[in-house]
Amino acid sequence: MKNTTFAVISTLLLSVAASAQVIGSWSKLEGQHSKIAELRTVAVTDATAWDKVWKEHDASAPVPAVNFNEESVVAVFLGETKTAGVKIEIVVQNDMIDANRLNVFYKEVRPAAKPFAGQMICQPFMMVKVRKASAVSFEANGRMSIPEKMKAPANPRDTTKFRALLENLPSFDGR
């Protein structure tokens, strides 16, 4: 019984390790350990630059596939941190004025303070596939809201929010 259990666990671990090295279809990659140890933001628009960034990030893993005819990659590397569990949140928005531009807002999210937090050197990173754009701008710690994380209003029937719609205001055509 012990040998059978050991064989099953070994097989599962080997299959997980093998699948971790082969990256097929992906939209976001993130983690705690990168070979890029300084703060850096990168917008990658071609295969040569992607290969260079990936090899600098992790030379031992295969380069994930990207169709650079239709998409690009934005990457944020936070550099070295001394606390485990630091993550990055990224929000990508289309520019309101220039349709060919993307705005990337990112921020560092530290884990909640715990009495016995792990102290280790990490290099948090996040890479996200985005639509192909002629220009990409990055902004750190900008005000951003993630709709999935927003709370519902306390009173959803609060009519003061729609005052302009409810009042009889003059229109621009003189009516």
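This is a predicted model: local features need pLDDT of at least 70, side-chain atom pairs count only at pLDDT 80 or more; totals for chains, interfaces and linings use all residues.
Local features were taken at pLDDT of at least 70 and side-chain atom pairs only at pLDDT 80 or more, while totals for chains, interfaces and linings use all residues. Residues are numbered from 1 along each chain as its sequence is written, and side-chain values use heavy atoms, without hydrogens or water.

Helices (H or I, at least four residues) and strands (E, at least two) are DSSP runs, numbered from the N terminus. Two strands pair if DSSP finds at least two bridges between them. Strands β5 (residues 87-94) and β6 (residues 101-109) run antiparallel and are joined by eight bridges. They form a hairpin with six residues between them. Lys87 has Val109 of β6 as its bridge partner. Strand β9 (residues 135-140) runs parallel to β6, with six bridges. Here Tyr106 is paired with Ala140.

A nonpolar core is a set of buried Ala, Val, Leu, Ile, Met, Phe, Trp, Tyr and Cys residues joined through side-chain atoms within 4.5 Å. Buried means under 20% relative accessible area, exposed over 50%, and partly exposed in between (1.4 Å probe, protein chains only). The largest core has 16 residues. Val44, Trp50, Val73, Phe77 and Met127 have the most contacts inside it. β2, α2 (47-57), β3 (71-78) and β8 (125-131) each give two or more residues to this core. A second, separate core of 13 residues includes Leu78, Ile90, Tyr106 and Ala133.

Leu39 lies in strand β2 (residues 39-44). Leu39 counts as exposed because its relative accessibility is 55%. Its C-alpha atom is 4.5 Å from that of Leu78, 39 residues apart along the chain.
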